[in-house]
Structure formats: C-alpha cells, structure tokens
Amino acid sequence: MLRLIVGLAMATIFCAPAAALDRETIARLAGGDAEEQRLALDALVAKRDVAALPFLRDLLADHVRTADDGVFIVEDDHGLDALQRTPVALPAELEEVSTSNSVRLAIEESIAALELASPDPATRLESVKRLQSAELDEARLALIAEAESRERDSAVRDALRQIRALSELQSTHRTVRLAAAKALRASVSGRVREALKARLSVEEDGEIRVALTRSLRNIESSLAVGETLGIVFSGVSLASILLLAALGLAVTYGLMGVINMAHGEMMMIGAYATYVVQNLFRAHLPDHFQYYLAAAAPVAFVVAALVGVVIERLVIRFLYGRALETLLATWGVSLILMQTVRTIFGAQNVQVENPAWMSGRLFVTDNLELPYNRVVIILFSLAVLLLVSFLLARTRLGLFVRAVTQNRTMAKCVGVDSSRIDTIAFALGSGIAGLAGVALSQVGNVGPDLGQHYIVDSFMVVVLGGVGQLAGAVYAALGLGVAGKIFENLVGAVLAEIGLLVFLIVFIQKRPQGLFALGGRQAD
Amino acid sequence: MLHVPPSPTLARRLFDRRGWCAFALGAAVIFIVAPFANLATAEASMLHLSDASIALAGKLFCYAMLALAMDLVWGYAGILSLGHGVFFALGGYAFGMYLMRQIGHDGSYHADLPDFMVFLDWKAFPWFWAFTDHFAYAIALAILAPAALAFAFGFFAFRSRIKGVYFSIITQALTYAMMLLFFRNETGFGGNNGFTDFKRILDYPLATPQTRIILFMLSGASLLLLLLVSRFIVTSKLGRVLTAIREAESRVMFCGYDTLSYKLAIWTFSAAICGLAGALYVPQVGIINPSEMSPAASIEIAIWTAVGGRGTLIGPLVGAVVVNGAKSLFTAAIPEYWLFFLGLLFVLVTLLLPKGVIGLVDAPRWPRIALPFPRKERAS
C-alpha cells in the first residue's frame with residue numbers, strides 16, 4: 001500500500017499531469033481492432049497514463065471480457081469493473097478480447113514505457129531493457145528523454161541514454177552524433193550493432209568514424225560473449241534432452257546388457273501419457289491446468305515402467321546374454337508399440353501444450369534469452385539424473401541390480417532373486433524413458449514415430465559414454481550436445497548431425513569401449 | 001555369441017541331387033515358364049502371369065539377394081549389419097544416375113540436366129555424375145561404390161576389433177548419417193524425392209512387358225548365380241574360417257589366422273551383392289530415394305534373414321520372399337495390421353524359432369510329412 005501511495009505520488013510529481021484512464025479508451029483497447037488498439041496505446045503512452053497499467057496487464061493476461069454494457073475484468077470468477085476496479089455482477093454474455101501477437105508486443109512496450117515512472121529502480125531498468133529492442137517513435141523518444149532527465153539511478157540513466165543515442169546517431173548535428181556514438185559504447189544489442197554499422201558506412205566525419213568504430217568493436221566483443229553463452233545454453237539444453245533419452249538406456253543396456261530398440265517407444269509412451277493427463281486436466285480440473293505436468297511425470301513413469309515389465313516378462317526374459325537377439329526382438333516390440341499407439345491415437349501428431357509458467361523466456365541480455373521450458377527441462381534432467389544415481393548407488397535395490405549385472409550366479413548364490421531384479425531394473429529403465437517422454441512432449445512433436453528420432457541419438461550417447469557408466473553418459477550427452485550446437489552454428493543442423501555420427505564412428509575405432517572404459521575383467 | 005549351431009547338413013542337402021533338381025526347376029521357372037506365361041499367353045487365360053506379378057517377383061529376387069548378402073556376413077561370419085540398406089541404396093543410386101541420363105530431354109523441363117537439377121538452378125552435372133551415361137560404367141559403379149565404402153568402413157572397424165553390438169550400432173549410425181546426407185538437395189542425388197520418372201534403359205523403353213521380363217530374368221539369374229557363388233564360398237576354406245570366427249574369433253586369431261582379411265573379404269563381397277541388387281531393383285520399381293537408407297529398412301533385411309534362418313543360404317531367400325509376400329498381401333488388404341504382424345512375427349521367430357523357418361525342416365522332432373525330402377542321419 002505504501003509503495004502504491006509513493007508510486008502515485010511520484011507519478012504525480014514527475015509526470016505530465018496524469019490523465020486518468022477513461023471508459024472511451026478502455027472501449028477502444030478492448031475493441032479488438034488492431035489499428036484502433038495501437039492508437040489507443042500510443043495515446044496512453046503520450047499521456048503518461050500510469051493509471052492504465054493494471055488494465056494493460058489484465059489485457060495481456062487475457063482477463064478482460066467485453067459485454068454489451070461495458071468492459072469487465074474477470075479473475076477467478078470474480079468480476080471487476082474495468083475502470084473503477086470494484087466488484088460488479090457479471091452479465092451472462094461475455095466475450096473474450098482478441099489480441100494479436102503484434103498488439104501484445106505493443107502492449108508490452110507500452111507497459112514498459114509507462115513503467116519508466118516506477119519508483120523501483122529495478123523495475124525501471126527492466127522496462128528500459130525491454131524498450132531497447134522496441135521500435136521507437138517520436139512520442140516514445142520524448143518520453144525517454146524526459147525519463148532520463150529526472151532519473152537518479154545511474155544504471156537506468158545510462159541505459160536510457162543509450163536508447164536515446166540510437167536515434168541521435170542520425171542527427172544532423174555533428175556534436176550530437178559524436179556524443180551518441182560514444183554513448184553507445186556500453187550497449188549490448190544486435191540492433192545497436194547494425195545501426196552503428198549502417199552509420200559507419202555513410203559517416204564522413206573522421207572523429208565520429210573513430211568513435212563509431214571503437215563503440216562497434218566494444219559491442220561486438222560483448223555480443224560475442226552473449227552469443228557464446230547462447231550456444232552453450234542451447235548445447236546444454238540439447239544435452240539435457242540427450243541425457244534424458246539415454247539415461248534409461250544406460251540402465252537397460254549399460255547395466256543389463258539388453259539392447260532395447262523399443263527404448264524410443266518407451267519415450268513415446270511417456271509423451272502420450274503426458275498428452276492423456278493434459279486432456280484429463282483440461283476436462284476435469286481446468287483451474288489447475290498449469291500443474292498438469294506434475295501429475296504427468298509420475299503417470300508417465302508408471303505407465304512406461306508397466307509396459308517395461310510386460311516386455312521383460314514376455315520377451316526379454318528368454319534372451320539374456322544374447323545381445324543381438326534382444327536387439328531384433330525388441331525391434332519387433334517397438335513396431336507393435338508404434339502401431340498400437342497409431343491405432344489408439346491416430347497417425348497424426350497430437351497437441352501437447354506448455355503450461356503457462358513454462359512459456360516465455362528469461363531475458364539476460366539483448367542477445368541472450370533463455371526460454372523457460374528449456375531451463376525447466378535442464379533442471380528436470382538433473383533431477384532425474386540425481387534420482388537414478390541415488391537409486392543405483394545408495395539403495396538396496398541398486399546394490400542388487402549392480403550385483404546381478406556383475407555376477408549373476410554369485411548374486412543368486414547369496415540369495416538375490418535375480419529374475420525379480422531383472423524385471424525391476426528393466427522397468428526402471430523404461431520408466432526413466434517415460435520421464436524423458438514427458439520432457440520431449442514439451443519441446444517437440446508428439447507422434448507415433450517420436451521414438452524413432454531419438455533411438456540413434458540415445459545409442460550414440462550410451463556407446464560414446466561407455467557401457468555401464470552413468471557418468472560416461474552424462475559427459476557424452478554434454479559433449480555431443482554442446483559440440484552439436486557449435487557445429488550447427490557453423491554448418492547447419494543436418495551437416496552437424498552427420499558430423500557427429502561420423503565422429504562417433506571414428507571415435508569407436510579409437511576407443512571401442514567408449515569414453516570411460518571398464519577396466520580389467522569386466523571389459524569385453 | 002550365436003546360439004544357433006551351424007547346420008551343415010541342411011546346406012549340404014540343399015545342394016545334393018534333389019537340391020540340384022530344385023535348383024534346375026527354379027531356373028526353368030524363371031527363364032522359360034514365367035516369360036512364356038507372361039508374354040505368350042492371352043490376358044484372360046488361366047496360365048497368364050500378369051505384369052504386376054512379374055514386377056513383384058523381380059522385386060522379391062532383389063530382396064532375396066539382399067537377404068543372401070546379409071546371411072553371408074551375419075549367418076556365417078556373425079557380423080550383424082544394420083547398415084546394409086546403405087549399400088543397396090548406393091547401388092540403386094549409381095544405376096539411377098544412368099537411368100536419369102537416359103531420360104534425356106524428355107523430362108518436364110526438356111533440359112540437358114535432370115529435372116531436380118534444373119529446379120535447383122544448377123548449370124552442369126556435378127563431378128561424380130561423370131561417365132554415368134555409359135551403361136557398363138554405371139553397372140560397375142553400382143557394384144564397386146558400395147564395395148569401396150564397405151571396404152573402407154570395414155577396414156577401420158575390423159582393425160579396431162569392433163564387433164557384436166558395437167559394430168551393429170555403428171553401422172546403424174552409418175546408415176543414418178548417409179540418409180541425412182542424401183536427404184539434402186545439394187548432395188546431388190535429388191534430395192527428398194531421389195530419382196524417379198525413368199523412361200528407358202539402353203534406349204529400350206522401360207514400361208514394356210519385354211523389358212520387364214528381361215529385368216526379371218536378369219534378377220533371377222543373378223540370384224541363382226550368387227547362390228552358387230555363396231555356396232562355393234561357405235563350403236570353401238574361407239567359409240570354414242568365417243564360421244570359426246563367428247564361434248570364437250580370439251581362438252582363430254591365436255591359431256595364426258588374420259581374421260581381419262577374412263572378415264573384410266566377406267563384408268566387401270556382401271556389400272557388392274547389395275549394390276548389384278540395388279542396380280536391378282531401381283529400374284523395376286522405378287524409384288530410389290533416401291528412405292532406403294533409413295535404419296528401419298536395414299533392420300528389415302536382418303528380419304528376413306532371421307525369419308528364414310541364418311547360416312543356411314537358402315533360408316534367408318525364403319524369409320525375404322515370405323515376409324515381403326506377406327507385406328504385399330497385408331498392405332493391400334489390412335494395412336493397419338502390417339506392423340503388428342511384422343513385429344509379432346519377429347518377436348515370435350526370435351523367441352521360438354532361433355533357426356528360422358528353415359530350422360523347422362531340420363528339426364529332429366518335426367513330423368516327417370513336412371519334409372520335402374528324406375532325412376539323412378546326422379553324423380554325431
């Protein structure tokens with residue numbers, strides 16, 4: 001409350017006489033005509049109408065509804081009057097307000113422009129950053145100049161100065177241009193780089209040229225940092241997916257020696273389980289839709305694990321120690337699973353949605369933005385990795401699994417029920433594949449042949465890492481992921497993939513046992 | 001590694017007097033009966049063999065060659081390749097280049113270059129298209145290109161003593177990488193669509209029954225010839241060393257054999273067979289595209305071999321014909337159940353018939369009615 005009062009006070013002191021939001025503007029904003037909406041937004045920004053901020057945020061969050069006799073804000077079934085923000089009874093017929101993507105962008109920018117008057121320096125800095133990548137017109141520039149003149153916080157002021165300098169690069173006054181060229185030095189933005197380059201190509205004044213070149217060099221080096229970090233991030237993100245895909249295989253193949261060609265189909269089952277859970281939530285618990293992934297993960301694990309149990313009991317049980325034959329039999333299983341899914345869900349891809357909290361991106365610098373879903377998947381794969389290594393290294397079950405895989409006869413002799421352990425271990429590997437499917441459903445298409453796309457990759461990771469080595473799988477996934485993204489930046493996605501496959505083929509020649517070979521008697 | 005005991009009795013029996021009779025019968029059907037039934041009989045006649053069945057049979061012969069090639073490396077030398085589709089497709093592409101050139105100016109653009117090159121705005125043939133307008137060169141290329149790739153790949157792989165599952169997985173990586181490569185337009189092989197719309201071969205139109213029957217007979221002849229050569233190989237010393245390698249490579253090495261060259265020889269020969277099969281397949285089917293290199297296509301070759309029975313030479317041919325015949329039937333009648341059938345067939349064969357369909361013939365307790373010829377007592 002105090003903040004609000006202070007904010008309002010600041011707004012009244014610093015802004016031009018703040019015009020309050022009126023019904024007409026609201027009606028125009030909620031009207032649905034994109035051009036009209038944009039004009040209304042510009043008018044709001046020109047009037048520095050801070051009072052419009054809550055309404056704009058509601059508009060962005062899709063809380064605004066229209067009816068014949070007015071505009072309302074609907075939040076958790078409570079209706080508010082759009083102007084007074086007091087509770088009102090909602091009319092029966094409500095219509096959603098449509099906002100196209102470009103309008104949403106314009107709303108975001110308007111919010112940012114208005115937030116320049118926020119009392120909190122962090123909020124102001126955030127809004128300046130958002131304005132950096134926006135197209136600025138005269139009105140916005142005036143607003144920025146004004147904000148700069150009253151800004152006390154040096155970081156925010158510098159940022160504002162840079163934005164203004166960008167337009168001043170085109171000034172006819174030599175001194176203004178020179179100052180702008182110098183002011184842009186600290187900027188980290190691809191747009192500024194392009195603007196500087198463009199100016200440099202037409203600039204005739206020697207001193208300004210020097211300033212431009214210097215700023216350009218500075219920006220390029222700081223941009224390079226962002227770009228490198230971006231590549232590393234996407235590499236790590238790819239690695240986390242590879243790791244998820246390979247972890248289950250590291251258990252079934254690495255520990256049990258079963259070549260499970262149906263592993264990809266286990267991931268597919270996990271992804272379809274996510275799809276089913278999503279639909280259940282949408283139908284029965286629409287209010288808690290954003291939590292559906294929390295329910296989907298255990299469901300996918302259990303479903304895939306159960307399918308794994310069935311496969312192990314019916315097929316794999318009879319083929320232990322005959323690796324090539326498990327390869328062929330499980331390939332038959334994978335065909336059956338694929339066709340089953342096709343029969344139940346159809347051959348087309350199904351739609352799996354990111355929950356709201358996973359869409360959007362974390363803004364780090366102008367050229368480094370991290371999509372939330374990728375960040376979540378990295379964390380998820382870390383969690384799964386920790387879970388698996390804990391299970392294998394610290395629990396009694398893990399001890400038994402390791403015992404059976406190292407020396408089945410000896411394990412039997414000391415009373416381990418080895419056939420039960422086999423089933424559990426295979427179910428565990430399948431369940432982990434199911435978890436991978438949950439993650440994959442958030443970044444790619446979910447269709448019957450989802451598994452086929454990942455099977456070669458997952459084998460690559462396991463073979464490269466060295467059989468029976470969780471750590472090896474982690475390093476291999478990281479290496480392949482990051483190297484893959486670096487290649488991709490150099491030669492494109494397909495050639496990068498080919499390059500990695502060739503690398504794998506060559507690598508196995510050199511180290512047939514993978515990165516982390518088991519020594520001694522276990523080898524071969 | 002392999003739990004299937006070698007079955008010398010069967011291989012020998014298939015080439016005893018009765019075996020030779022069956023062989024001669026097959027040759028007669030391929031070279032006399034089928035052409036007669038296709039060309040010389042009336043359409044409505046009972047004896048008439050439709051063009052479609054001739055085309056299907058020609059295709060099956062090519063698949064059977066693939067299965068034979070797979071049997072040589074997998075059944076006899078114990079090397080499971082999940083990349084034989086690459087060799088097949090390479091042969092197909094090599095001969096496809098010749099067929100593309102035979103189209104001449106009859107393409108949609110009436111240009112010197114194949115349509116897809118015109119479409120990509122290329123001005124001249126890439127270097128590897130040189131001489132492909134010569135028939136003999138194209139045939140040689142179709143056989144030698146896969147053999148060369150196999151030799152290079154095999155040399156490094158066998159030298160590093162990669163075997164078993166590792167070898168299977170890197171052959172799978174090989175086929176996957178090649179598929180990605182051939183999917184690209186700039187590779188110069190028509191990208192996604194591959195080669196198609198062939199018009200003629202050696203200036204004879206492809207669409208006539210006469211050309212079709214000749215291609216059919218050529219495929220049949222190649223298959224029979226390769227069967228004889230393979231039989232010679234596996235019964236020779238080379239074949240025996242290979243079987244020994246399959247059973248215990250280390251011991252063979254300790255006996256002083258250079259296992260690398262044995263494996264490399266059979267591996268390269270097998271790839272050459274695939275290349276020839278590809279070259280015969282493409283004019284009969286009328287299309288070659290990168291999907292032939294998908295890992296799944298290569299695994300299917302292994303399926304045919306396993307279903308028929310590994311290490312018997314004749315079994316894989318039966319497997320290829322049975323599985324692909326079933327595929328033709330299923331995909332026409334109930335397409336949605338084909339994958340169920342294939343998957344189930346494979347699981348069941350692996351679990352219940354490790355020796356494949358042919359193994360039934362050899363089974364000691366199998367009812368005698370099922371045997372096409374009297375059993376000989378085993379030596380042991």
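B:Arg310 lies over the face of B:Trp74, 4.3 Å from the ring centre. For a charge to count as over a ring, NZ of Lys or CZ of Arg must be within 6 Å of the ring centre and within 35 degrees of the ring normal. B:Arg101 also lies over a ring face, that of B:Phe125, at 3.9 Å from the ring centre.

Before I go on: this is a predicted model, where local features need pLDDT of at least 70, side-chain atom pairs count only at pLDDT 80 or more, and totals for chains, interfaces and linings use all residues. Residues are numbered from 1 along each chain as its sequence is written, chains are lettered from A and ligands numbered from 1 in the order in which they are written, and side-chain values use heavy atoms, with hydrogens and water left out.

Now the ring pairs. Rings of Phe, Tyr and Trp (its six-membered ring) pair if their centres lie within 6.5 Å; planes under 30 degrees apart are stacked, over 60 edge-to-face, and the rest tilted. That rule gives 38 aromatic pairs over all chains. In one of them, B:Tyr98 and B:Phe135 have ring centres 5.3 Å apart and planes at 70°, so the pair is edge-to-face. It links distant parts of the chain: B:Tyr98 is in helix α4 and B:Phe135 in helix α6 of chain B, 37 residues apart. Helices here are DSSP runs of H or I with at least four residues, strands are runs of E with at least two, and both are numbered from the N terminus.

Are these two residues buried or exposed? Buried means under 20% relative accessible area, exposed over 50%, and partly exposed in between, with a 1.4 Å probe and protein chains only. B:Tyr98 is buried at 2%, and B:Phe135 is partly exposed at 29%.

B:Phe330 and B:Phe341 make a stacked pair, 4.5 Å centre to centre with 25° between the planes. B:Phe330 belongs to helix α12 and B:Phe341 to helix α13 of chain B, eleven residues apart. B:Phe341 is partly exposed, with 29% relative accessibility.

Helix α13 of chain B, residues 338-352, reaches 20 Å from its first C-alpha to its last, close to the 21 Å expected. The expected span is 1.5 Å times one less than the number of residues. Its buried residues include B:Trp338, B:Leu342 and B:Phe346.
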